[in-house]
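Please consider the structure shown below.

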Amino acid sequence: MKPRFKKKTIVDPRIKDQQNVINKKLKDPVIREKLKHLSNLYTNKHELYPKNRGYKEYNYAFLQLLEGKPLLEFVLKRFKNSKKSKLTIMDEGAGLTRFLTEFKSLLEKRNINSETTAITLTPGVDLKNSKVDILVKQKSQNFKPFKKYDLITSVFGGVFYNISELDKNLILKFSHSLSRNGVFLFGTNRLKPLKNITVEEHINNIKRTMIKNGFRLDFKFAPSNNNHKLPTYIFKIERLP
Ligand SMILES: C[S@@+](CC[C@H](N)C(=O)[O-])C[C@H]1O[C@@H](n2cnc3c(N)ncnc32)[C@H](O)[C@@H]1O
């Protein structure tokens with residue numbers, strides 16, 4: 001199936017500036033020595049931080065929120081009566097974009113067109129080695145969504161790395177870019193108490209904010225996900241039809 005749109009990459013120039021500043025600092029031998037132990041943590045090889053989960057892993061991560069269906073079936077059922085010419089799908093914090101590539105192929109097998117957008121800061125991803133249609137190399141905090149999405153996913157993405165008082169803004173921004181009936185699935189395991197509030201209060205605050213803004217939020221604590229290096233706090237936010 002041929003895509004009816006042009007593939008493109010969007011690069012935030014600030015990323016280059018930040019890289020230049022970091023590279024300059026790293027030339028300083030004192031700073032380099034101090035940071036040496038950290039570099040092991042952030043390589044692709046570090047087994048605790050996989051950057052290339054695929055459909056199988058995403059499906060498992062969110063299973064408990066998908067009404068007992070695999071992710072593909074869940075999405076197909078949700079949009080089966082829509083007259084859309086394509087499904088718009090975004091993965092926030094997409095790593096090496098394996099999930100989007102596999103999900104797009106699964107949809108193609110069902111004769112369903114999709115336009116896939118990846119937001120990723122992982123080095124080395126480009127349109128030549130990835131099947132995504134729109135590649136955004138920009139922090140999610142700076143990203144301005146330019147269309148509505150039917151499905152947004154985030155597995156240990158920017159939302160995970162920015163869980164703080166600001167999180168609701170990021171979550172709200174993505175929720176507001178959902179199409180009617182669109183779904184935002186995200187997972188994290190970094191919901192720590194903030195300024196004397198417990199994790200439960202934190203979740204309830206997020207939930208209240210979402211309801212006030214006209215969304216439905218489902219939340220599950222899925223401790224078994226931990227055995228598979230998958231997020232244990234999983235959320236589903238839906239824009240109501
Ligand atoms: C641990 S990897 C997870 C990748 C993929 N979702 C997976 O599960 O395999 C984290 C991803 O989030 C991206 N990321 C981290 N902070 C981000 C931010 N502030 N905005 C956008 N992406 C971010 C990284 O570039 C990387 O692609």
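The dialogue that follows concerns a predicted model.

Student: How many helices and strands are there in the protein chain?
Tutor: The chain has 241 residues, of which 34% count as buried. Among contacts between residues at least 6 apart in sequence, 69% join residues at least 24 apart. As for secondary structure, the chain holds eight helices and eight strands.

Student: Is strand β2 largely enclosed or open, and how many of its six residues are buried?
Tutor: Leu87, Ile89 and Asp91 point one way from β2, while Thr88, Met90 and Glu92 point the other way, and all are buried. Strand β2, residues 87-92, is therefore largely enclosed by the rest of the structure, the number of its buried residues being six of six.

Student: Which residue in β3 is the bridge partner of methionine 90?
Tutor: Strand β2 pairs with β3, residues 114-119, in the parallel sense over six bridges. Within this pairing, threonine 88 stands opposite glutamate 115. The partner of methionine 90 in β3 is threonine 117.

Student: What is the handedness of the β-α-β unit that β2, α5 and β3 make?
Tutor: The two strands of the unit, β2 and β3, run parallel. Helix α5, residues 98-109, belongs to the unit together with them. The handedness of this β-α-β unit is right-handed.

Student: Which residue in β5 is the bridge partner of aspartate 91?
Tutor: Strand β2 also pairs with β5, residues 149-155, and the two run parallel. Three bridges join them. The partner of aspartate 91 in β5 is threonine 153.

Student: Which residue in β4 stands opposite threonine 117?
Tutor: Strand β3 is mostly covered, with six of its six residues buried. Ser114, Thr116 and Ala118 lie on one side and Glu115, Thr117 and Ile119 on the other. Strand β3 pairs with β4 in the parallel sense over three bridges, and the residue of β4 opposite threonine 117 is isoleucine 134.

Student: Where are the buried residues of helix α4 placed around its axis, and what arc do they cover?
Tutor: In α4, residues 71-78, Leu71, Phe74 and Val75 are buried. They lie on the same side of α4, because the arc they cover around the axis is only 95 degrees. In general, an α-helix has 3.6 residues a turn, so residues three or four places apart point the same way. What covers the buried residues of α4 includes β5 and α3.

Student: Which residues is leucine 71 in contact with, leaving aside its neighbours within four places in sequence?
Tutor: Leucine 71 lies in α4 and counts as buried because it has 24 C-beta neighbours inside 10 Å. Its C-alpha is 8.4 Å from that of tyrosine 55, a residue 16 places away in sequence. With the neighbours within four places left aside, the contacts of leucine 71 are Tyr58, Asn59, Phe62 and Leu66.

Student: Is aspartate 133 buried or exposed?
Tutor: Aspartate 133 is placed in the loop between β3 and β4. In space, 9.6 Å separates it from leucine 100, C-alpha to C-alpha, although the two are 33 residues apart in sequence. Since aspartate 133 has 21 C-beta neighbours inside 10 Å, it counts as buried.

Student: What is the phi of asparagine 111?
Tutor: Asparagine 111 is found in the loop between α5 and β3. With 7 other C-beta atoms within 10 Å, asparagine 111 is exposed. In general, most residues other than glycine have a negative phi. Asparagine 111 is not a glycine, yet its phi is positive, at about 65 degrees.

Student: Which residues come nearest to the ligand?
Tutor: The shell around the ligand divides into eight nonpolar, ten polar and three charged residues. Of the 21 residues around the ligand, those that come nearest are Arg53, Gly93, Gly95, Leu121 and Gly158.

Conventions: Residues numbered from 1 in each chain as written. Predicted model: local features only at pLDDT ≥ 70, side-chain atom pairs only at ≥ 80, totals over all residues. Buried ≥ 20, exposed ≤ 12 C-beta atoms within 10 Å, placed from the backbone. Helix = DSSP H or I, 4+ residues; strand = E, 2+ residues; numbered from the N terminus. Pairing = 2+ DSSP bridges. Right-handed = clockwise from strand over helix to strand, strands pointing away. Arc of directions from axis to C-beta. Contact = placed C-beta atoms within 7 Å. Near = placed C-beta within 6 Å. Nonpolar A, V, L, I, M, F, W, Y, C, P; charged D, E, K, R; others polar.
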